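Welcome! Here is a short tour of a protein chain, meant for someone who is new to reading structures. Please have a look at it first, and then we will walk through it together.

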Amino acid sequence: MESKPLGFYQQLQVLPLAAQQAFMAALCERLLPNYALYEQTTGQGDGHTLRTVLNLVWERLSVPNASIDFARQAEKLAECEPPAEDESFGARRALDAVVSISALLDTLQGDSPEAVLDVSRTSRAGVRAFIELTEGEEDAQKLALLIRDHPLMEDENDFQDAVLEAVSEPLSKAALKEIRQLGRNNGISNLGLSLDEDDE
């Protein structure tokens, strides 16, 4: 009897922890431009801290015995959340970035088996919300089809597939560098947005 191939989320769950962390870090990289845009348009937020925390995660993945206080980083990160009363689309997507990096930090501080699924779903949900916002389709069935076939959703699915494939290989320093580059996606976020000027 042939065994059924594992679904996407099952494949994520059976990855070694370091591979899950690299997957999450790559997705977080791709969420950062959304936070940067929120910061640029509202004058609120602290993208520098998000960038720094994510850099430390990559450092730990590259040098597993690097001594980094991730509990302290998690505290700093919590201060970067948009104000709860700001329910704008930009603030929600900025929050996605903070929450996803927080989920990644949880895995570096203890057992957090759902984190990799949460980050994957958060990124997809942001794309879905963006399509809903831009398409203005009221009919639920039509909207579901629109979302499924939308270039941004196809892009998102292809991106997550590519990252999963990349982290399924041995994680040498060179491989991690490539995965990070993949996540940076030339500065374009999961919503197809980017800052005009790159601070990097």
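Which residues does Phe23 touch, not counting residues up to four places away in sequence? They are Phe8, Leu12, Val116, Ser120, Gln160, Val163, Leu164 and Val167. Keep in mind that this is a predicted model.

**The overall build**

- The chain has nine helices and zero strands, so its elements read α-α-α-α-α-α-α-α-α when you start at the N terminus.
- A compact globule of 200 residues would have a radius of gyration near 16 Å, and the 17 Å of this chain agrees with that.
- If you follow the C-alpha trace along its principal axes, it spans about 55 × 50 × 30 Å.
- Among the contacts with a separation of 6 or more, 72% are between residues 24 or more positions apart.

**The nonpolar cores**

- The largest nonpolar core contains 46 residues, and Phe23, from our opening question, is among those with the most contacts inside it, along with Leu12, Leu50, Val57 and Val167.
- At least two residues of this core come from each of these helices: H1 (8–14), H2 (17–42), H3, H4 (70–78), H5 (89–109), H6 (115–135), H8 (151–167) and H9 (173–184).
- Helix H2 gives the largest share of this core, with 12 residues.
- There is also a second, separate core of eight residues, including Phe130, Leu143, Ile147 and Leu191.

- You can find Val53 in helix H3, which covers residues 47–62.
- Is Val53 buried or exposed? Its relative accessible area is 1%, and because buried means under 20%, Val53 counts as buried.
- Setting aside neighbours within four places in sequence, Val53 is in contact with Gln73, Leu77, Ile101 and Leu105.
- Take Gln73 from that list: Val53 and Gln73 are 20 residues apart in sequence, yet their C-alpha atoms are 6.4 Å apart in space.

**Surface and charge**

- Of the 200 residues in the chain, 42% count as buried.
- The chain exposes about 10800 Å², and carbon and sulfur atoms supply 49% of that area.
- The chain carries 17 positive and 36 negative charges, and the mean positions of these two groups are 4 Å apart.

Conventions: Residues are numbered from 1 along each chain as its sequence is written. This is a predicted model: local features need pLDDT of at least 70, side-chain atom pairs count only at pLDDT 80 or more; totals for chains, interfaces and linings use all residues. Side-chain values use heavy atoms; hydrogens and water are left out. Helices (H or I, at least four residues) and strands (E, at least two) are DSSP runs, numbered from the N terminus. Buried means under 20% relative accessible area, exposed over 50%, partly exposed in between (1.4 Å probe, protein chains only). Contact means heavy atoms within 4.5 Å. A nonpolar core is a set of buried Ala, Val, Leu, Ile, Met, Phe, Trp, Tyr and Cys residues joined through side-chain atoms within 4.5 Å. The radius of gyration is taken over C-alpha atoms; the globule rule is 2.2 Å times the number of residues to the power 0.38. Accessible areas come from the Shrake-Rupley method with a 1.4 Å probe; for residues, only the protein chains shown count as cover. Lys and Arg count as positive and Asp and Glu as negative; His and the chain ends are not counted. The place of a charge is taken as NZ of Lys, CZ of Arg, CG of Asp or CD of Glu.
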